[in-house]
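Here's a quick briefing for anyone meeting this structure for the first time.

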Amino acid sequence: MRKEKKVKDPRAKLGKLEKREARAGYLFVAPWLIGVCLFLLYPLCQSFYYMWFNIRITPLKTLYTYVGTGNFTQIWLENPEFPQQIVTYLWQTIVEVPIIVVFALMIAIMLNGKIKCRGLFRLIFFLPVIIVSGPVMNMLVAEGAASIPAMNTESIVAAFDTFLSHSLAEAIGEIFSDMIMILWYSGVQILIFLSALQKIDSAMYEAASMDGASGWESFWKITLPTIKPYILLNAVYSVIFLSSNEQNTLITMIQDAMFSGTKEKGYGYAAAMAWMYAVIVTLIVLLFFLLLGSKKDVYDRQIKRRKRALKKEARLVKKIERRGRRNARKIEQARQKRKYKTYSGESDY
Amino acid sequence: MRRFVFGTREKEGAGKQIVVYGLLICIGFVYLYPILYMLSTSFMNRDDLLDSSINWLPGTLYLQNYIDAASSMNFWTSLLKGIVIAGIPTLLNILVCMLVGYGFATFAFKGRAVMIGLLLFSYILPSQVTMIPTYGLYSKMGIVGTLWTFILPALFGNGLNAPIFILIFYQFFRQVPRVLLEAAKIDGAGHFKTFARVAVPSAGPAILTVGLFSFVWYWNESYLTEMYVQGLSSKSVWVNLVVQLKNFETSFETMQATGDVAISLSESVKMAATALSILPLMLMYFVLQKQFVESIDRAGITGE
């Protein structure tokens with residue numbers, strides 16, 4: 001991404017032309033702005049409000065009963081399915097996203113090399129993006145088309161169960177049994193990596209190999225640092241994709257709760273569920289941001305450290321100078337005082 | 001020998017090439033496996049399904065599965081409706097997202113950074129949070145079960161995955177040389193004229209990308225389509241193939257009860273229905289494959 005050109009100091013008064021320009025800008029984004037207020041901010045506040053109520057819709061009017069945190073306690077204590085699903089979802093996402101990203105990167109690197117029929121392979125790897133949708137996936141999974149028949153899932157689960165917690169082992173087992181589906185989710189990511197890889201300057205690799213770097217070394221020292229932002233991009237994309245996918249049972253649970261006509265469930269209950277879900281999704285995204293966010297590279301850090309050291313030195317020099325000046329002044333004052341004293345003493349005398 | 005397998009600096013070795021091709025072909029097969037499985041199963045009749053000696057190739061080309069599945073899904077009407085359901089919001093998505101992306105990319109105004117932050121936030125936030133009040137809003141307006149539930153958000157730049165599309169246009173228009181826009185301005189074009197005459201014609205690749213992805217995503221969206229456009233409680237006439245597939249078992253059973261289909265629900269009928277529901281997009285993909293695969297590259301998502 002390019003850096004924005006520095007605009008004028010925002011506090012400075014805008015000229016007439018700039019004012020007009022700003023007005024045009026507002027005009028262009030106005031539809032979206034209205035949309036955000038109408039379809040994002042307003043519903044967000046409203047569902048935050050709903051969360052604390054039990055809402056029943058009768059033909060005449062909607063009844064709101066304040067229940068405080070009642071919805072939450074009900075979800076966590078009386079509905080055993082939701083906490084269970086949340087834990088499964090959490091493990092699944094945290095394990096699956098790295099698999100998707102690493103796999104996409106591997107494929108992209110292979111496709112980026114000198115290869116015949118690159119177009120054909122790209123065609124195959126991108127195909128799932130076109131046809132992947134909740135019902136299709138459900139159908140395929142239900143018919144057993146999603147797992148490789150030769151893979152024995154149960155023994156894998158049993159093996160993991162010996163040294164990991166049961167829920168984690170289950171999640172891993174599920175991953176193995178739906179391996180194809182997980183691979184299917186990486187179509188867009190492969191293309192993003194591929195187009196990022198193609199933008200790396202080949203002169204860098206040449207220079208590195210001139211200096212005797214092997215392919216392995218130049219992968220770690222050139223390829224990976226350059227495409228790091230796209231790793232983050234793909235990780236976030238995968239998280240969002242997995243969490244809004246209809247394979248995810250949580251979102252169907254929310255929908256079911258919303259339309260169930262029972263006394264205790266309903267809009268408020270569903271809103272509480274949705275908020276907890278949103279918080280968890282955001283936490284996962286944050287986790288990946290923390291893990292993959294742009295850390296400064298070594299040289300940047302060195303430069304920074306050097307700058308800091310220089311600044312410290314300058315400060316020290318200034319301090320010494322200041323102290324020197326102060327001392328000089330003090331000495332001067334003292335001398336004058338003494339002079340004065342001696343002088344006044346003399347006069348007194 | 002060693003040089004032949006591992007290769008030299010200038011030339012890749014045969015061993016390495018074999019490994020790469022082998023991996024690619026294996027993974028490619030794994031990718032295609034569900035589709036092949038689906039196709040082969042969908043052509044099997046009852047005897048083939050039970051016959052354990054038949055694994056992949058069905059004995060005869062049995063088309064009755066497709067006929068039954070198509071009649072149960074109302075294939076042609078669902079197809080046309082699906083095209084309308086995906087098509088109209090897609091057009092709006094292209095138009096509005098282009099406007100907004102252009103606005104963000106070319107003008108400097110106060111609060112732009114905050115707005116872009118909000119845009120990213122609206123992408124990360126799961127739609128389930130805002131779904132409940134939005135549904136309430138729609139049902140108060142009386143538009144649940146009509147196409148307006150998709151048109152309205154798209155009209156205001158909040159359609160399905162609109163943040164991604166706005167960002168694509170934003171990235172794209174930032175790469176359009178400013179000189180071009182300034183030249184138009186000097187020639188006396190206003191902001192909108194500059195947009196319509198200079199920016200839009202140059203945005204071909206981005207429009208294509210957004211159009212294709214928007215169409216595909218709307219087409220495959222069953223959760224929101226079922227809830228908003230079809231209306232869960234009051235089933236309206238608006239339904240697309242994917243939603244039909246989701247409710248395939250129940251609709252098939254009712255048809256069976258009324259005696260319209262002769263055979264019982266088997267997995268090959270289900271697979272035939274699945275194949276039918278992805279068929280239109282597959283055709284589109286094979287016709288427009290080049291545009292699809294190169295779209296991400298050309299729309300400049302990865303920047304310069």
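This is a predicted model: local features need pLDDT of at least 70, side-chain atom pairs count only at pLDDT 80 or more; totals for chains, interfaces and linings use all residues.

## Rings and the chain contact

**Aromatic pairs**
- Over all chains, the count comes to 31 aromatic pairs.
- One of them joins A:Phe48 and A:Trp52 edge-to-face, at 6.0 Å centre to centre and with 85° between the planes.
- Both of those are partly exposed: A:Phe48 has a relative accessible area of 40%, and A:Trp52 has 25%.
- B:Phe215 and B:Trp219 make a tilted pair, 5.9 Å centre to centre with 35° between the planes.
- That pair sits in helix 12 (residues 204-220) of chain B, where the two are four residues apart, so about one helical turn separates them.
- B:Phe215 is buried too, at 16% relative accessible area.

**Where chain A meets chain B**
- The contact draws on 90 residues from chain A and 95 residues from chain B.
- About 8,800 Å² is buried between the two chains, and carbon and sulfur atoms give 74% of that.
- On the chain A side, A:Phe28, A:Trp32 and A:Phe39 lose the most area to chain B, together 11% of what that side buries.
- Helix 1 (residues 16-50) of chain A supplies the largest share of that side, 23 residues.
- The chain A side divides into 66 nonpolar, 14 polar and ten charged residues.
- There are zero salt bridges between the chains, but eight residue pairs are in polar contact.

Note on methods: Residues are numbered from 1 along each chain as its sequence is written. Chains are lettered from A and ligands numbered from 1 in the order in which they are written. Side-chain values use heavy atoms; hydrogens and water are left out. Contact means heavy atoms within 4.5 Å. Buried area is the accessible area (1.4 Å probe) that two parts lose on being put together, summed over both. A salt bridge is a side-chain nitrogen of Lys or Arg within 4 Å of a carboxyl oxygen of Asp or Glu. A polar contact is a pair of N or O atoms within 3.5 Å; within protein, one must be able to donate a hydrogen and the other to accept it, and residues adjacent in sequence count only if both atoms are side-chain atoms. Ala, Val, Leu, Ile, Met, Phe, Trp, Tyr, Cys and Pro count as nonpolar, Asp, Glu, Lys and Arg as charged, and the others, Gly among them, as polar. Rings of Phe, Tyr and Trp (its six-membered ring) pair if their centres lie within 6.5 Å; planes under 30 degrees apart count as stacked, over 60 as edge-to-face and the rest as tilted. Buried means under 20% relative accessible area, exposed over 50%, partly exposed in between (1.4 Å probe, protein chains only).
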